Amino acid sequence: MSARDALRREKLLDAAVALVLRSGVRRTSIDDIARDAGISKGAVYLEFSSKAALLDAAVRREFSRYLAQTCARVEADPEGGRLSGIYRHSIAVLLERPFMRALYTDNGRILDGLMRGPERYRPRALLGTAFLQHLTDAGLLRAGIDPAVTSHLLSVLSVGPLLAEPVLREGTTPPLEATFELLADLVVTGLEPDNPAAPAAGAAAFRELADGLQRALADDSPPNP
């Protein structure tokens, strides 16, 4: 891809993300995206075959950036390779990225079912069974705990507060960041052994997990329903 083509693609994806967050999936058209990107409608179709293909690329790009930012934080934190550190950083980055946050907190209204796409961009499945077994083997997760159960618990602890936000939000409700910090302190830290191994192995395992997801995200084949 030439530098000019890459710039055109980025402009289209930037416009798509901004428009979807502002107007929703259904109200965002190829015409709207082309106009906001400053690119002709015909040029859009040189890059993407349809609105669905463009939105799929936008979701994959946003998730890819989310993974890269989370990895950077995990690796920059001396304690980031512990399960509690990975949980904290993965949630913190998700909350900071408007598109990723909206995938959960808008109750499906704005993004209109984008999360029904393929597993390749589902953050709720980020800390899966195989990854948690790796942490157990490395001495970073309590022995005797079923990694599959732990994975499900972490998904609930990640997605539950986000899904509840539109329903429970009031003027006195604490910020989501505070809720997740307490969950990390009370629950996730409790899954770690009393004398855990050095966290470097956890950071390396998370990097390996993220790299595998990044390869899947680079796949431009049409998503399965």
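This note reviews the fold of one chain and two of its residues.

1. The model is predicted, so that local features require pLDDT of at least 70 and side-chain atom pairs count only at pLDDT 80 or more, while totals for chains, interfaces and linings use all residues. Residues are numbered from 1 along each chain as its sequence is written, and side-chain values use heavy atoms, with hydrogens and water left out.

2. The chain contains 10 helices and 0 strands, in the order α-α-α-α-α-α-α-α-α-α along the sequence. Helices (H or I, at least four residues) and strands (E, at least two) are DSSP runs, numbered from the N terminus.

3. Of the 225 residues in the chain, 46% are buried; the term denotes under 20% relative accessible area, with a 1.4 Å probe and protein chains only. Among contacts (heavy atoms within 4.5 Å) between residues at least 6 apart in sequence, 71% join residues at least 24 apart.

4. Ala 58 belongs to helix H4, which spans residues 51-76. Its relative accessibility is 2%, and Ala 58 therefore counts as buried. Beyond its neighbours within four places in sequence, Ala 58 contacts Leu 13 and Val 17. Leu 12 is 46 residues from Ala 58 in sequence, yet the C-alpha to C-alpha separation is 8.8 Å.

5. Thr 150 is part of helix H8 (residues 147-168). Is Thr 150 buried or exposed? Thr 150 is buried, because its relative accessible area is 2%. Apart from neighbours within four places in sequence, Thr 150 is in contact with Leu 132, Ile 145 and Leu 191.

Terms used: Buried < 20%, exposed > 50% of the residue type's maximum accessible area, 1.4 Å probe, protein only.
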